[in-house]
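Please find below a short note for someone meeting this structure for the first time. It should be read with the sequence and the model at hand.

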Amino acid sequence: MKIPTTLMINREDWDVVSEPTDSRWGRASYDGHEIGINSELSPRQKFTTLCHELMHLFLFEAGAEIDEKLVNTNVEGLCNAIGNQLASFLEDNCEWQEEIDTTMREYLKEKK
Ligand SMILES: [Zn+2]
């Protein structure tokens with residue numbers, strides 16, 4: 001599975017970098033708009049890690065993640081649970097994603 005190098009999140013550009021990190025599988029830098037994924041993971045692990053980091057970003061953008069250090073255990077469990085569900089959902093609905101892609105490209109073309 002190909003991991004994107006850039007993503008649009010809440011109308012802002014984010015970089016996704018593959019890196020030999022410390023013991024972590026991934027990280028999200030809110031200020032730097034950068035998601036780091038451990039380069040030593042399997043393709044499936046990279047994908048679920050990306051989904052996990054996206055959950056952090058969505059919670060952060062929604063104002064639900066105040067300080068990861070204070071609520072780390074709960075947030076990590078929540079991001080794992082929802083991130084894994086999202087990964088499976090996206091994998092199980094690849095054909096639908098292609099339809100969404102086509103529909104969105106048409107919409108964006110009309111919008112210009
Ligand atoms: Zn996490």
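1. The model is predicted. Residue numbers start from 1 along each chain.

2. Four strands make up an open sheet in the order β1-β2-β4-β3, and their pairing is mixed. At the edges are β1 (6–9) and β3 (26–29), each of which pairs on one side only. From one strand to the next, the twist averages 25 degrees.

3. Ile9 has Glu12 of β2 as its bridge partner.

4. Ser29 is bridged to Glu34 in β4. Four residues lie between the strands of this β3 and β4 hairpin, where His33 takes a positive phi near 50 degrees.

5. Which residues of β3 are on its covered face, and which on its uncovered one? Gly26 and Ala28 are on the covered face, while Arg27 and Ser29 are on the uncovered one. In a regular strand, side chains alternate between the two faces of the sheet.

6. Ala28 also belongs to the largest nonpolar core, a set of twelve residues. Its other members include Trp14, Ile35, Ile37, Phe47, Leu50, Val75 and Ala87. At least two residues of this core come from each of β4 (34–38), α1 (43–61) and α2 (68–92). α1 supplies five, the largest share. In soluble globular proteins, nonpolar side chains tend to be buried together.

7. Glu61 and Tyr30 are 31 residues apart along the chain, and their C-alpha atoms are separated by 9.4 Å.

8. Helix α3 (residues 94–111) has 18 residues, and at 1.5 Å a residue these should span 26 Å. The end C-alpha atoms of α3 are 25 Å apart, so the two values agree.

9. How many of the 18 residues of α3 are buried? The number is zero, so α3 lies largely in the open.

Notes
Predicted model: local features only at pLDDT ≥ 70, side-chain atom pairs only at ≥ 80, totals over all residues. Core = buried A, V, L, I, M, F, W, Y, C linked by C-beta atoms within 7 Å. Buried ≥ 20, exposed ≤ 12 C-beta atoms within 10 Å, placed from the backbone. Pairing = 2+ DSSP bridges. Axes fitted to C-alpha atoms, helices over the stretch in contact; angles between N-to-C directions. Expected span 1.5 Å × (residues − 1).
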